[in-house]
Amino acid sequence: QIDLSDQAKKSYYTNPILPGMNPDPSICRVGNDYYMVTSTFGYYPGLPIYHSRDLVNWERIGYGIHSPEQLKLRKDTKDNLNLFAATIRYNNGVFYIINTNVGRHHEDRNFVITATNPAGPWSEAHYIEGAPRIDPSLFFDDNGKVYYTGNDVPKNPVWKNHRNIWIQEIDPITWKLVGEKVTVLNPGDYYRGFMLAGEETEMLNHYEGPHIYKKNGQYYLLVSHGGTSWNHAVSIWKSEKIMGPYEYYDKNPIVTNRDYPHDNYIHHTGHADLVETQNGEWWMVLLGSRPYGGEYTNMGRESCLVPLNWSGTWPVVNPLGPKGRVMPFHKRPYLENYPFSEEKVRDNFNDKDLELFWNFIQVPTEKWWNLENPKGKLKIKLRPFEVDTYSENPSFIARRQTYKNFTAVTKMEFSPTSENEMAGMLLSRDVYNQFQVLSTLKNGEKYVQLIQKEVVTDTTQKLIAEKKLTKNTLYLKITALEQRLDFSFSEDGETWEYLAKNIDASVLSNALSMGRFTGTFIGMYATSKDKTSDNFALFDWFEYSGY
Ligand code: 6LW
């Protein structure tokens, strides 16, 4: 973690600007206000909306998908699919988010939601027919026409993961695509006939995340490629006309950290969007990951900010430093500092509703948690579901891991009545790679157990440690020092005992988990494992802090 002095903080900011799972950032400006949206996959509520006035400090103000009436998430048992990369735009008093509801076997469906207040409420989803694949974007031209941009698999793909970029006009009232669908970029056209060396193919893979901008009467098309990992990069094309032909910039890619060693502070940089400030500066938001303990990226893909000089025909990213690179810190935008209060470290559960930073897996179909009875506690009902599938909504409430080094502590009241009943804390990268610290019953006696789940060839579940308990009150603590985890517990909040020390956390990383798109979450969990139960766990507070 980069820690700048107070003096330096006035001139520099640190990346990421949105830590923890916040991939595929898209940004728009309305006057002096900036709004950003990021992907959430099968987590709910979906598509967090962040607000800023200085591009450096951000506050979560709501969600694009906040009600089950807006759309039905397409469930899948194996993969965390659903809401991929969104684009946010503002035009004439209305905010637009265009996004994909991803299903297995590419039954992806693209939709638009609208709002006059970006904090919500957002409209129900208007689905777009005839728009295949992921990463839709909208462009509002100054002649009143609106264009859809997306990616697709060409009719005759030359290599695996060969994608093209297409544009079509769209009616912003009926959301029908109109006129001709034009494929404006097809990397296969340029390279057909050449034998592609592995590395070149890598860079031409996965053309995605297209966005159009207009500057000095020219249309610019920004596209990411190379896949969302070590080869991730962003390139740019320009044209006199929206439908092309698009001219390639010979200094592409304009951003990539691919040449850096894999333990570089920020890697995987790509999937970008641009914004011009009210003062005429240009900035790029894009995703990046922070590897630690080697090549491990437990927190997944986060949102970064990098400056752009666009005084010439083509933009230059990070003009004052190593060009085209995303660094741990950059000089701040020329905007007044506008900080918000920090996200709560300790949630005492005193409010009527859950804080905006808490998340579920899938949409709750019943209200299995309660903050009002008893007041000041979060009561979570035990239900048959476990965090082992993406097709159900388990009794799991979690927040993002945002720090490499963190401490999470909670105080829980729970009295298990059978071996099926378990409640406690869960550190989870996906439904296969987790650390569970749970209280349960075994041979009629109460225990706290540490269970590690990981995918090797299949999911394995290991009991790493267990200790007997005497009370129903249990304090649980997980401490992470980079890739080392300590687990401890206490029955009075004063005397702590280790359950396990120095456990390797890297099963929560991209390298070893199935959660390619997501990041690690930590939270409270209760289950009755396939059986029905009337039991519940009461959480008094939950604390998460770090650096
Ligand atoms: C997203 C695609 C990508 O739709 O990952 O990095 C996908 N880029 O553009 C999911 O986040």
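1. In this predicted model, the interface of domain 1 and domain 2 buries about 3300 Å², with 56% of that area on carbon and sulfur atoms. Tyr43, Tyr292 and Asn298 are the residues of domain 1 that lose the most area to domain 2; together they account for 21% of what that side buries.

2. The domain assignment places domain 1 at 6-331 and domain 2 at 346-546. Their C-alpha centres are 33 Å apart. To the contact, domain 1 contributes 40 residues and domain 2 contributes 34 residues.

3. On polar interactions: 16 residue pairs, both members at pLDDT 80 or more, are in polar contact across the interface of domain 1 and domain 2. Zero salt bridges are found there by the rule, which takes a side-chain nitrogen of Lys or Arg within 4 Å of a carboxyl oxygen of Asp or Glu. On the domain 1 side, the elements that give two or more residues to the face touching domain 2 are strands S4 (43-44), S5 (46-52) and S6 (59-65). Of these, S6 gives the most, with four residues.

4. Separately, strands S12, S13, S14 and S15 make an open antiparallel sheet, in the order S12-S13-S14-S15. S12 (137-140) and S15 (177-185) are the edge strands; each has a single partner strand, so one side of each has no neighbour in the sheet. From one strand to the next, the twist averages 25 degrees.

5. The partner of S15 in this order is S14. S14 (residues 164-170) pairs with S15 in the antiparallel sense over five bridges. Ile170 stands opposite Leu177 of S15.

Key:
Residues are numbered from 1 along each chain as its sequence is written. This is a predicted model: local features need pLDDT of at least 70, side-chain atom pairs count only at pLDDT 80 or more; totals for chains, interfaces and linings use all residues. Side-chain values use heavy atoms; hydrogens and water are left out. Two strands pair if DSSP finds at least two bridges between them. Axes are lines fitted to C-alpha atoms, for helices over the stretch in contact, and angles run from 0 to 180 degrees between N-to-C directions. Domain bounds come from an automatic or database domain assignment. Contact means heavy atoms within 4.5 Å. Buried area is the accessible area (1.4 Å probe) that two parts lose on being put together, summed over both. A polar contact is a pair of N or O atoms within 3.5 Å; within protein, one must be able to donate a hydrogen and the other to accept it, and residues adjacent in sequence count only if both atoms are side-chain atoms.
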